[in-house]
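Visitor: I am new to this structure and would like to learn how to read it. Please take me through it one feature at a time.

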Amino acid sequence: NARDGERFAALPDSELGASELRARAAREFYAATVESHERGAALLTRALQLDPGDAMSLAMRVHARTMVLRARFERPDPEEAARLEAEADAAVQAAPRADFVVMVRGVLRLFKLGDLAGARRDLERAERLDAGLAYPRLWRGVLRMAEGDAAGAARTLAEVLPRFEADPFRP
């Protein structure tokens, strides 16, 4: 519901359920700062305490941590990399047809695990699940750059970037 954020905006985190915590975390992500992503990740940790196997909460937390690591130009230490990979895999296992969940694992593989083949499989799968979702195609353009295919990246990005005209995270 478009008004959910307003409905529970004044409530403390401790009074929110898992879905409301996810919504609050998503709202934090739109601030597009390291601090807002860290706050969003903390909200998702609380959501996972309430609903431990929730695929979307797992995927959103992995996504938040991946974006923080990207912003800081850091790679996760081996222990954190294993945890992020396990959470991404658990999310995909719990919701194998959720395009965002599959895409998040692909982005993690691309940026933090160095698994370009796995990233390609996940991003192509996310695109097959919902051809209308622009983000997997955007990340596939970035993947092509990582693979050294500048011409392919330029074609893919030229195709997809116009779809982000009104997006607050416009690349």
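Guide: Start with the elements: helices (H or I, at least four residues) and strands (E, at least two) are DSSP runs, numbered from the N terminus. Just after α8, for instance, G148 takes a positive phi of about 90 degrees. The model is predicted, so local features need pLDDT of at least 70 and side-chain atom pairs count only at pLDDT 80 or more, while totals for chains, interfaces and linings use all residues. Residues are numbered from 1 along each chain as its sequence is written, and side-chain values use heavy atoms, with hydrogens and water left out.

Visitor: How many residues does α8 have, and what span is expected for it?

Guide: The expected span of a helix is 1.5 Å times one less than its number of residues. α8 has 13 residues, and 18 Å is expected at 1.5 Å a residue. From its first C-alpha to its last, α8 reaches 19 Å, close to that value.

Visitor: Which residues of α8 are buried?

Guide: Buried means under 20% relative accessible area, exposed over 50%, and partly exposed in between (1.4 Å probe, protein chains only). In α8 the buried residues include P136, W139 and L143. The buried residues of α8 pack against α4, α6, α7 and α9 (150-160), where contact means heavy atoms within 4.5 Å.

Visitor: What is in the largest nonpolar core?

Guide: In soluble globular proteins, nonpolar side chains tend to be buried together. A nonpolar core is a set of buried Ala, Val, Leu, Ile, Met, Phe, Trp, Tyr and Cys residues joined through side-chain atoms within 4.5 Å. Here the largest has 27 residues, and V107 and W139 have the most contacts inside it. Two or more residues each come from α4 (55-71), α5 (78-94), α6 (99-113), α7 (116-129) and α8 (134-146). The element that gives the most is α6, with eight residues. Neighbours within four places in sequence aside, V107 is in contact with T66, M67, K112, L123 and W139. A second, separate core of 12 residues includes F8, L21, F29 and A64.

Visitor: How many salt bridges are there?

Guide: Side chains of opposite charge can pair when their charged atoms come close. A salt bridge is a side-chain nitrogen of Lys or Arg within 4 Å of a carboxyl oxygen of Asp or Glu. The count comes to 18 salt bridges. In one of them, D13 pairs with R39, the closest N and O atoms being 3.0 Å apart. D13 lies in the loop between α1 (4-7) and α2 (18-29) and R39 in helix α3, so the pair ties together parts that are 26 residues apart in sequence.

Visitor: Is D54 buried or exposed?

Guide: D54 is buried, with a relative accessible area of 15%. D54 sits in the loop between α3 (34-50) and α4. Neighbours within four places in sequence aside, D54 is in contact with R22 and L48.
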